[in-house]
Amino acid sequence: MMSAEQPELSSSIGHHSDYIWETKVVLEECSKVETYDELRERVQEDNILNKGSEDYRRKMLGEIRRRTGIGKNEIGDNALIKVINSPSVSDGVKDWIIYYHYSQDSLVKLLTREFLYPKYESGILSVSRDDVIEFIDGLEDEYPEVKEWTENTKQKVASHYLAALKNFGILEGKQKKEFKYIRAPNEVVAYVLYRLFDEGLSGVDEVVSSDEWRLLFLDEEETRERIMDISPTYVEYEKRGSVERLEPKYDSLKEVVDDF
């Protein structure tokens with residue numbers, strides 16, 4: 001879990017919801033503007049999200065920008081924007097991809113990889129807010145910033161995290177959250193795979209051992225099976241005995257999403 005370049009953990013998810021609908025609206029608007037300044041005007045001044053105060057709209061847009069990576073030089077030329085604006089991509093696939101980007105938050109990624117996924121893998125049926133808080137308390141030695149969080153902050157983080165995972169369809173229930181049947185669509189598997197390709201990963205072992213697959217609740221063997229599912233549509237995957245070969249069919253993530 002510890003790494004030489006581990007990011008500092010932020011409690012920001014305790015102050016924001018999952019913003020699934022709002023993220024879709026903002027990313028759809030990205031296809032209609034040319035600059036981030038125009039997008040900001042549409043959200044903060046024109047109030048396309050129909051939200052209360054301008055300050056709240058500003059903070060919401062900032063959080064959506066942080067999660068999605070949209071910026072002044074990426075409006076309209078971003079794989080995520082392309083997916084959300086594609087009429088051929090189902091709402092279910094779009095929600096999964098928004099979930100994946102939500103999971104890139106350093107705290108969400110840690111909670112999902114190191115707390116939620118192991119419980120899912122071991123067959124535990126449900127988790128509670130207290131379970132999340134207990135895990136967060138155990139992070140204090142490795143992440144000194146967590147020691148500065150109040151109990152109220154930890155409660156908000158735990159509640160918002162579980163609520164988001166419920167809204168994304170990973171969990172269900174009220175007090176105790178239970179795991180639903182989890183199977184990411186093939187397009188989402190291809191999306192994550194090409195993100196890894198774009199980061200320089202190549203060989204089968206290197207790809208399937210990436211912790212990113214835990215965000216989709218897949219172990220290494222299941223990842224191999226899912227890559228086989230998307231071959232030859234999105235990649236070329238072949239296994240002969242102990243020899244495996246994995247080759248991309250597209251040059252980048254932006255290219256593969258055009259064929260979703």
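**A cavity lined by helices, and a buried tyrosine**

Helix H5 gives the most to the lining of the largest cavity, with 3 residues. Helices here are DSSP runs (H or I, at least four residues), numbered from the N terminus. The model is predicted, so to speak of local features takes a pLDDT of at least 70, side-chain atom pairs count only at pLDDT 80 or more, and totals for chains, interfaces and linings use all residues. Residues are numbered from 1 along each chain as its sequence is written, and side-chain values use heavy atoms, with hydrogens and water left out.

A cavity is a set of points on a 1 Å grid over the protein atoms alone where a 1.4 Å probe fits but cannot get out, and lining residues have an atom within 4 Å of a point. The count comes to 1 cavity of 30 Å³ or more. About 30 Å³ of space lies in the largest cavity, volume being the space filled by probe spheres set on the grid points, which are joined across faces, edges and corners. Its lining is made up of Asp18, Thr23, Arg67, Thr68, Ile98, His101 and Tyr102. At least two lining residues come from each of helix H3 (54–68) and helix H5 (91–102).

Helix H5 also holds tyrosine 100. This residue is buried, at a relative accessible area of 1% (buried means under 20%, with a 1.4 Å probe and protein chains only). Beyond its neighbours within four places in sequence, tyrosine 100 is in contact (heavy atoms within 4.5 Å) with Tyr191, Val192, Arg195, Glu212 and Leu215. Phenylalanine 217 lies 117 residues from tyrosine 100 in sequence and 11 Å from it in space, C-alpha to C-alpha.

Technical notes:
On a 1 Å grid over the protein atoms alone, a cavity is a set of points where a 1.4 Å probe fits but cannot get out, and a pocket is an open set with protein on both sides within 12 Å along at least five of seven lines; lining residues have an atom within 4 Å of a point. Buried means under 20% relative accessible area, exposed over 50%, partly exposed in between (1.4 Å probe, protein chains only).
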